[in-house]
Amino acid sequence: MKKLKMVTTVLLVSLSLILSACGTSKTGGDGGKKTLRVVTDAAYAPFEYQDKGEVVGFDIDFVKAVAKEAGYPVKVEHVGWDPVFIEIEGKTADIGVSSITITPKRIQTYDFTVPYFLSKNEILVPKGSPIKSAKDLEGKKIAVQNGTTGQEAVEKLFGENNDKLKKFDNNNLAILELKKGGVDAVVADNTVIETYVKNNPKDDFVFIEDDGTFEKEFYGLLLPKGSKLKAELDKAVNKLLDNGTYEKLYEKWFKIKPDIKILKEQQ
Amino acid sequence: MDFRWDLIVEYAPLFLKGTLLTIGLSIAGILIGTVLGLFIGLGKMMRKKLWALPFKWYINFFRGTPFMVQILLIHFAVVPAFLDTTNAILAAILALSLNSAAYVSEIFRAGIQSINRGQMEAARSLGMTHGQAMKYVILPQAFKRMIPPLGNEFIVLIKDSSLAALIAAPELMYWGRAMQGQYMRAWEPYLTATVIYLVLTLSLSSLLSLLERRLATE
């Protein structure tokens with residue numbers, strides 16, 4: 001979903017560029033445990049967002065835990081989506097964390113740690129719905145959030161801008177439409193859907209996974225190409241996956257259990 | 001700045017579809033809103049304070065709360081209460097009509113009250129009833145004065161109809177946003193929509209000034 005960020009960010013890029021150009025702190029110099037500069041685009045709750053000016057979220061807690069495990073102090077800064085990549089490429093920051101999907105294209109320019117998060121689309125339907133898989137969505141009315149991978153997935157299956165597809169401003173409105181009977185299903189990110197099902201048992205909704213149809217995306221911590229930190233951070237990520245810290249953080253933010261096995265399989 | 005004309009060409013049929021719906025929503029909103037607004041305006045002018053009160057609060061509510069909230073409320077609460085399902089186009093028409101009725105009613109009241117008291121008194125002394133005097137003497141004169149503020153209101157209504165995109169009514173702005181969501185490009189869809197809205201509002205204002213000239217007595 002993150003790769004299809006709202007265009008508003010794009011509109012701010014020119015400004016951010018100027019700001020990042022004058023605001024880069026010195027992170028050069030090696031040896032010792034220097035403070036790592038972590039950059040993010042804090043506009044994607046609950047992964048990273050600003051709570052009264054402070055950058056918080058699952059990603060932020062996670063990157064702090066990873067750095068602690070590796071023995072580094074960190075300083076997290078909100079810089080915006082495109083500047084995250086510019087700073088990491090220019091090595092003016094050490095780690096980028098912003099629900100960044102690991103893609104073959106990005107691997108050409110950057111390094112990633114081992115994956116720390118699985119993101120895929122799922123289907124939300126009322127209990128007892130005849131829809132059991134993505135195939136059953138054919139001919140049904142579907143609500144999605146505009147500009148997301150959920151929308152992309154549905155359009156790939158049933159054609160772009162087809163009549164049965166309703167695009168909403170955000171997932172809450174799409175789910176509300178389902179609740180009021182305006183559509184038969186919602187397609188959105190697994191965390192969104194599973195958290196909703198878990199937190200709203202009265203609605204009697206269930207989520208449907210269809211791994212054969214919906215592609216899996218994995219998030220990684222973004223590092224400069226050839227970063228010396230990669231080995232250390234990979235070890236720390238694995239430690240957190242193994243010792244239950246990751247699960248604790250995941251449950252704290254999403255109220256559901258993570259699928260750690262699938263993350264390990266990717267390594 | 002590179003500007004992808006090809007994307008606009010690709011989306012042109014959808015923009016056309018959206019424009020037609022925008023025009024439909026606006027016409028429905030203007031017509032229903034105007035009729036409803038006339039009654040609410042007359043209601044608010046009733047001499048019995050208690051009877052005028054509901055009309056007064058109708059205006060207070062629809063004028064005093066954000067249209068965005070009204071459209072969401074109507075779509076997700078009011079329409080499902082009656083139909084048991086949502087209907088974006090119906091909700092958009094309802095929201096536009098109810099909202100514009102509040103503004104139109106005040107325009108009517110201003111128009112009617114701007115006519116000199118002597119007109120009503122003269123009509124009544126000729127033997128007309130209050131209703132007749134209203135219909136044949138006051139309203140025709142008042143209507144002429146209402147055209148410019150009504151024109152304002154109708155233009156605002158056309159632009160406000162873009163908020164129907166929020167509830168996924170496939171009007172002009174909806175397709176603009178869909179295009180933006182698909183291609184991650186802001187200016188092609190939004191500037192296209194802007195030009196179309198401008199054409200729509202310009203056509204409306206030229207229609208209104210034509211009407212104004214027709215009704216001119218001097």
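I took the centres of domain 1 of chain A and domain 2 of chain A over C-alpha atoms and found 28 Å between them. The model is a predicted one, and I read the values with that in mind. Domain 1 comes in two pieces, 34–118 and 218–265, while domain 2 is 121–208.

Next I checked the record. An unreviewed UniProt entry annotates residues 35–256 of chain A as "domain: Ionotropic glutamate receptor C-terminal". Over that range I get 37% helix and 24% strand, with 32 Å between the end C-alpha atoms.

For chain A as a whole I count 10 helices and 14 strands. Of its 267 residues, 41% are buried. I also looked at contacts with a separation of 6 or more: 72% of them link residues 24 or more positions apart.

Then I picked one strand, β8 of chain A, residues 121–126.

Which strands does β8(A) pair with? One is β11(A), residues 185–189, which runs antiparallel to β8(A) and is joined to it by 4 bridges. In that pairing A:Leu124 stands opposite A:Val186. Another is β12(A), residues 205–208, also antiparallel and also joined to β8(A) by 4 bridges. Here A:Val125 faces A:Val206 across the pairing.

Terms used: Residues are numbered from 1 along each chain as its sequence is written. Chains are lettered from A and ligands numbered from 1 in the order in which they are written. This is a predicted model: local features need pLDDT of at least 70, side-chain atom pairs count only at pLDDT 80 or more; totals for chains, interfaces and linings use all residues. UniProt positions are given in the numbering used here, feature names are shortened, and annotations may be inferred rather than shown by experiment. Helices (H or I, at least four residues) and strands (E, at least two) are DSSP runs, numbered from the N terminus. Domain bounds come from an automatic or database domain assignment. A residue is buried if 20 or more other C-beta atoms lie within 10 Å of its own, exposed if 12 or fewer, and partly exposed in between; C-beta atoms are placed from the backbone. Two strands pair if DSSP finds at least two bridges between them. Two residues are in contact if their C-beta atoms, placed from the backbone, lie within 7 Å.
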